[in-house]
Every structure is written in structure tokens, then in C-alpha cells.
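Welcome! Please take a moment to look over the chain below, and then we can walk through some of its residues together.

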Amino acid sequence: MGQQKKVVGVVKDAEGEPIIGANITVKGQTTGTITDIDGNFSINASVGSVLKISFIGFETQNVKVTGEKLTVILKEESNALDEVVVVGYGLVKKSDLTGSVGRVKAEEIDKMPVTSIDQVLQGRVPGVHVRASNGEPGGSSNVTIRGGNSISASNEPLYVIDGIIGAGNLDGINPSDIASIEVLKDASSIAIYGSRGANGVVLVTTKRGNSSNGPTVSYNGYYGIQTPEKLLDVMSGPEMAQWQNESAAFRGDGVPPYEETDVIGDTNWQDYIYRETAPITDHNLNVSNATKNNNYFLSLNYFNQEGLMYNSGFERFQIRFNVDQKIGNYMKLGATMTSSYTYKDNSIMKNMVQLPSTLPAYEEDGTWAKYNPLNSNYFNSPIALRECVTDNTRQLRAMGNVFAELMPIKNLLIRSSWGFNLSYSKHNLYQSAELPLNIKQGKLGVASVDTSFPITFQNENTVNYLMNFGKHSIGILGGFTWQKYLNEDLSAGANGFTNDSNLYHSLEASDPNKRNIDSGESEWGMISYLFRLNYSYKSTYLLTITGREDGSSRLSKGNQWAFFPSAAFAWRASEEEFIKKLNLFSNLKLRVSYGMSGSQSIGAYAVWDKLNSKTTVIGDNKVIGYIPVLAADKNLGWEKTSQFDFGLEVGFLDNRIMLEADYYHKRTSDLLLTQELPYQTGFKSILRNIGSVRNQGLELTLNTVNIATRDFKWNTNFSVSFNRNKVLDLGEKDFLDNGIGSRITVGEPLGLFYGLKYLGPWKEGDIPEELSGKYMPGDARFDDVDNNNVIDELDRQVIGNAEPKFYGGIGSDFTWKNLTLSLFFDYSYGNDIYDLNGRAMDCGHGSNLYGRHRNRWTEDNQDAYLPRAGSIHKNYYSMCIQEKNEAGGCSLFVHDGSYLRLKNVNVQYNIPLKNKKVLKSLQVYGTVSNVFTWTPYFGYSPDVDVEPSATRRGFDRNVYPQSRTYLLGVKAKF
């Protein structure tokens, strides 16, 4: 062999994307190296020798050394299931992962017409449970990873978007810009985020310039039509009139309210609340390029979704730009900037479906209906609300960071970044002086304006060093981070507007005696030190040790600092010779991890005693005074979560069958709970670290390549998750009442429904003699737990559980030549739903009723499940709601929320192009979302969660249906 010299080169994939961590060895020698973050490498070799270049998921190539710079393009293998995965402050090959990380790639996101990142995760990542608050455009979802940890604090995961920690509102992020989403679930993965990682971490990486063939212009746009996936079955006018007459006879009211039920009008108020169809459109234009020393990516987005409910909708404008620039051989600079403007018309006709169908939409004089004779109340009809209420939210947002990377010596990378995230939002509300209730109450016009201006700044500094010697590989990461948050808010309201000319733009035009104003400011800061050690021996034995120490201004001195460590070990058994000889496994890896993480989801001033200002009158003067509200525990600390995880990854038939399983056990201690104080202290309560919660479960993922021929491919993926939650300790209490229909109890899971158990109607012969004067056949019967012949709050018991026994998703892709059909299902089994609307629409006191009450108890239908008309109001509503509101839970309103939904059907066709000089690729596609849902639940949607509380899960109000969307789109690249 000739004299050795330094050989340099770059390794890329077929799309021109640099391949990070590719192995380069000189054939026949032990000399080796790996590519850096730009795909570059250098190695000592002689001219004429052969370099072996490999990376898992790509075909290995042998390249002869010529003396010139080498550019190597690796081809992806047909079973490429091993890829580079983003983790906290770094990248790692999936085969080298020691933790549990879920992933959603860009091609999966492109198949779904979603407005927000959280909608992408539903059913696609095991252990991630997503429930929508409702179907409103721009509406949020409740996301939990491996169960809820906290009772008082948030259970939402930490979102990190392009390195910006705690990215906040997700509506301003265009899903089409996302390159990948990684979900960090176990302690080894999340410990690097310390005090904010206990609920899991969602890492969002957006696209960057990667075209190696000059500037590329791409367009992706669609137009679609939405229809309600489902409307509620409610009683018609004549049916409602008949029910009310039966109810009046049952109550002994004398004259029935409706003399002739057959001639009663019939108003389905849903016809005035919802449109039959609503348009949706999305347009994305991208320009990107990549050269040896520079790459950039520019993205423009316009999205507009008109809501199915009148006067609702969501619109977004966004621009995003990023650039990377190499300076010499040792430095790289980069920046990412995103700006967005969103406009949302908020839904204003919630609970309108409760209006009796016997009422007309308009009075005989042509005015809006406004009086309900069934309860002698006035109301605002949906038509009046559409004409008289303006409710919108506007938000301007900017987010970005700049970074500098320095590589002074080989394998040493020093990185510093500065980031910011700021937004200005304004919520406007105006209720016209013509609104019937405003006229009745003498309010005239009512207006309010709320503004919020949060800003986050952060600085992160890390040092990363890689060492390879023989069969050993060591990676060391160390860092220091700093973050500052500030927020200002202002709220003002007024009424007494005599006309509607100025809406909410001129609050000073209101009645001077009917104004209110509120303002506030808050801030907090955090500094952190972090490290991570990765060790690999023969790429078979993998060890990760991670630690982060956080200091927070939210806590008092002596409790501001906490350390969160973790350790993980993985054994790639498939690399062992004795395993290879079995000729059974193409991949076999065992993982185990344990560590600590935390949550600091408390207010910025939780360790300060709180006073609220109040206005009172002394003499003839108004004066401001202050009253104590909340005492502070000066020793308040972090909620801490310890987690154990054991994982198994198995591949068969050259990884055409891939199975991944994880068992986890989490325990959260030092829960933040409010504790009552004696009256003489002057305070009602204090926030303290008491109590603990446990989550344990199993996650399974199965990916298969069923058929792979030249013209036809069929892939499937299946995931299922099981989680069991239990409250272990609540301090000095055995339970906490948690609002209507809910109680938190030691030894039971969070999310339990609590109330009276409905047993069906009383039947002839079943009524005890001592109750014969109180009940009659057909009356609602409840379980008398204490057997004292009195149904009251002492008879409450567990009546349901919002948490599913298991949930997950099923996907399947069929590709024949240039045509691809993709199907995706999501499902949940064993979860219950508490319908808060049931207290009105199963009782019928002045409201409409669900259609299921057609099959109620009557003399001719004594085997019915539902009681006679009027019985629920007499035996439940007036007793448990009017007299003792917190006792208002009832199993009659609890329903099975299990479902299987065909979430998405996508068909795409790549049009063959003979000449690709101008138009490089062209694809047309069609998508139908929310195609069909199989469920016993009669509400709008079974995957619902309308309550903002972390512990009041599975509650529904049936306020906004999910939409079924039909769309057609085109993708083009120039």
C-alpha cells in the first residue's frame, strides 16, 4: 500500500440529507471514524485503498480512495426501520437508544388535515393519550403520557419546538413544516429536562434546507368540505309535548301544558346552531436549498377552517425561515425564525341544544323566540346569539433562536444558542343591546377586552465530545441553560352601551358606574446544569447516565434547587455470536432504565402569602381594602416522579416484523395539594407538598412489512397501551370531593366518577311497604347504600372510570406502483364518559330530552331502562342538585365511551413525469378524516375531555361535534 494521507468526504442519503453517525472504516484495517452532524468525515488512508461506509437502514457501500474529496450517496434499504432519532440536546441512532422514545415522521403528518401538533399524536404513539375538548376549529386537546401524575398541577407534557422549551400555544405552528415529532417517555429520556420532564417531553423538529440539486420550490395545498360527523338524537316537538304532559300528570300539576301534541311545532335547534357544510383550505409554499457551506428553508402558510357551528372558525398566516452557514472548517452559524398570526371566532352557542323542541324559532311577530313557558325563564336563542354576539381572539406570535457551533478539534462540538418565544393575544367580546336577556336584565350592550403578552427568553450552552478507541465509544455532553419568563395581562369590561356602533372598540362609551378593570404581571426564572454520558462497547452494550440540576425562582430559598438523575442500560443481543447462530432474530435488544424527573407547575408566587383587593363603601366613599386569600408554605418544593422502565425490541425476517414492548412503573410524590386551614389563621387554605400517585402500564408496538414486491407493498403498524393509575396518599385525608360527579380517593384511580347508582325503574311488587307512599312503579330507583330508605349524598359510590382499559391505533399502507392507499384507525376500550348535559336532557325540567327517552317506562312499556316522565326530576334533580350541588353525580349520566374509529383514509398518486427539468415531481391526493366511529356513546364524540382540571377527566357537555372532512390536494416540486 502507498503512503497514507488524509481523506475527506461527505455521506448523504438519496434526498441530499447528511447522514449523521455513518461508520467509515478502511477495509482490512482497524482504522475507523464516523460522520459529523453535517455528514462530513476525515480518515487516514492510502490512494487505492477501499473505504467501507455503512449506516443502519442503508445499504453498505465500498468506495475506492482516489485522492479527491469523496461524495457518497447511501441508498435506503427496503426494510429501513432504523433511523436517526432526536433526543434532548442531541441525535442518536434508534439502534443505540437506551430509552423509550416514540416517533411520528413527516410523511405520516402529511396524510392528516390537522391544525395543531397535539392532533398528530392521537393513536400514533403508544403511551400517549389524546382527548379533544370538542370539535371547534383551533380547539385544544388534553394530552397525557403514561397517565396523569399530578392532581393540582398540569399533566400536559413539555413541548420543545426547535430547541425552544415550553413552546406554549401550538395553534401557531404549521404541521406541514414538521420534519419529525419525538416523544420522550421514560426516565432516561426525560431526565435531561429535569424539573419539567415528569409528564413526558414532545420534541418537534421542523424542516430545514436539504436539496443538493439547487434551489427547490415546493407547493402543497388542499381544499375540502366539512360535515358534522354526528348530530344528537333529540326528541321532536310532538314527542317532547307528550313527555311533558306525562310529567305533569306524574307530578299532579293538573292541566297538561300541551292540549294537542300532534299539532305542536317541531324545532330542531341543531339546524340553527350548525351548518350542513363548511369549507377548509390549507396552502404551503416552500423554497429550500443546500450547498457545501450553506442551506436555507423558507416556508409560507395560509390555513382557513370555517367552523360547523355558525360564527366559529380559525385562520392562520405563518412565515418561517431558517438558515445554516459554515464559516471555514471549524464554525457553523444558524438561525430559525417563525412568525404567525391567528384569528379565531370563538363558539358562542354552547348548550343551545338543550332548548325545548316545542319552542318556535321565531315568535308570531317575527322576533326571536325568547321565553320558555316550561320553566318561566327567558333565554337567548341560537339565532339571537348569531346576530348579536361577537367573540374573537387574535394572536400575533414570534419564536426563534440563533446558534453558533464551534469544532476546535476533531469530535469536540461547542454550541451556544439564544432563543425567544413571545406572543400578544387579544380576546374581544361584545353582546348587543338587542340581545333578549340583556334587554330583560336591563344591561344594554356588554363588552370586554382581555390581553396577554407573555415573553420567554432562553440561553443554552453545551459541549459535546465523542471518543472512539478500539471497540469502545464514549459520548460526553455537558451544559448550562438559562430561561426567563415574563407576562403582562390586562382585562377590562363594561356594560350599558346604548347602541352597537362601536362594539368593543370604545369601552369608555359605557355606563361609568358599570365598568371594571384588572391587570397583572408575573415573572419567573430558571437556571440549570446538565450532563449525559453515553458509553458503547462493540455497539452491543450501551450505557447512558444523565443528570440535571435545576434552580427555580418559583420556590423559596433552601428549596429552589433539585437534582434529577437517571441511568439506562441496553443490550443488543442480536450482535452476540450465539444469537446470530440461531438465525432467528434480525434485531434483539433489551433496555432497562430508572431515574427521577420533576414538575414545577405552580404559580410564580406560590411561596408568598396572597391578598386580594376588594372595594367597599365607608361613609359615602368607595375605598379599596385587602383580604387574605391563600397562605404560603415557605418550604414548598417540587413534585418528583421516579420511573422504572423495561423495554424489549425484537425483529424477525430482516426486520420485516418489528415488535417493541415497554413496561413502566411511575410514582409521583410530594404532590402539590391545597390543605384547609383553621378559621382563626385568617386564611382558608395553604398549598403544600403532600400525597402521592402511581402509574404503571404496558406499551406494545408491532410494525410489519407484509408484502414487498417490485410493484406492490403492504405495511401495517399496530400499537396498544395499558395504564393503571392509583392514588396512594392524600396527606391527612382519605378522599377529596372534586366537583359534580367526581371524587379523588386513596386506593382508587384518578378519573373516577362518583355519585348515585341508578338501578332502573321501580317495578310492580319490588317497592317495600315502608316506601309505598314515596315511590310508584316507573319511578327512578337508586342504590340505597346505607339501607336507611333515604337517598341522599351518603349513598354516593363509584359509578365509572374515565380511564380506558387500553387504547391505541392501527395503520396500514398499500402501494401499487405510483398509487398509495393509507388507512388509520384509533380506538379506546373500557373508558366511561360523564355527560354533564344529562342533568338537563335526561331530566327534562324546562329543557329538551335525548331521543333515548322515547323508550321510557309507561304502563305499556314496563321493561324499559329509563324511568317514567318526570321521575328523574322529582327523585334526583330536585334532591341532589338543588339541595346539595356537590352530590350531583348519577350513573344515569355515565356512558360507555369505548370506540373504534376510522380516523383517516388517504389516497395519493404520483404522476409520472417524462421531463423533470422544471417540474420535478407531482402528486395528487384525496383524504377523508373521521370517516366513521363505532361506539355505544350517543354523544357527539367519545374521545372527549371538556374540563380544564387535570383530575376531572372524561366529562362531556356535547357542545361541538367533530367534523368529517373530504378534501382534495396537490403536491408539486419545482
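Which side chains meet in a salt bridge with an N to O distance of 3.9 Å? They are the side chains of R796 and D737. A salt bridge here is a side-chain nitrogen of Lys or Arg within 4 Å of a carboxyl oxygen of Asp or Glu.

## Before we go on

This is a predicted model, in which local features need pLDDT of at least 70 and side-chain atom pairs count only at pLDDT 80 or more, while totals for chains, interfaces and linings use all residues. Residues are numbered from 1 along each chain as its sequence is written, and side-chain values use heavy atoms, with hydrogens and water left out.

## Salt bridges around D737

Let us return to R796 and D737, which meet in a salt bridge. This pair links distant parts of the chain, 59 residues apart: R796 sits in the loop between β44 (780-782) and β45 (797-801), and D737 in strand β40 (residues 735-737). Helices (H or I, at least four residues) and strands (E, at least two) are DSSP runs, numbered from the N terminus.

D737 also meets R743 in a salt bridge, at 3.1 Å from N to O. R743 counts as buried, at 11% relative accessibility, and R796 is buried at 11% too. D737, in contrast, is partly exposed at 42%. Buried means under 20% relative accessible area, exposed over 50%, and partly exposed in between (1.4 Å probe, protein chains only).

## Salt bridges elsewhere

In total, the structure holds 36 salt bridges. One of them joins D233 and R854, whose closest N and O atoms are 3.0 Å apart. D233 lies in the loop between β17 (216-228) and α4 (237-251), and R854 in the loop between α9 (838-841) and α10 (871-882), so the pair ties together parts that are 621 residues apart in sequence. Both partners are partly exposed: D233 at 44% and R854 at 40%.

As a general point, side chains of opposite charge can pair when their charged atoms come close.

## Two buried residues

G334 belongs to strand β21 (residues 331-345) and is buried, with a relative accessible area of 8%. What does G334 contact, leaving aside its neighbours within four places in sequence? The answer is V323, D324, N401, V402 and F403, where contact means heavy atoms within 4.5 Å. G334 and E405 are 71 residues apart in sequence, and their C-alpha atoms are 8.5 Å apart in space.

S599 is found in strand β31 (residues 587-599) and is buried at 6% relative accessibility. Not counting residues up to four places away in sequence, S599 touches S195, A198, W638 and E639.

## Patches on the surface

Patches are made of residues with over 30% relative accessible area and no salt bridge; like charges are joined within 9 Å, and nonpolar side chains (Val, Leu, Ile, Met, Phe, Trp, Tyr) within 5 Å. A nonpolar patch on the surface is formed by I327, Y330, M331, L333, L406, I414 and V463, with about 560 Å² of accessible area together. Such areas come from the Shrake-Rupley method with a 1.4 Å probe, and for residues only the protein chains shown count as cover.

E488, D489, D518 and E521 form a negative surface patch. Asp and Glu count as negative and Lys and Arg as positive, while His and the chain ends are not counted; the place of a charge is taken as NZ of Lys, CZ of Arg, CG of Asp or CD of Glu. At least two residues of this patch come from each of β27 (472-497) and β28 (515-537). D518 is in strand β28 and is exposed, at 52% relative accessible area.
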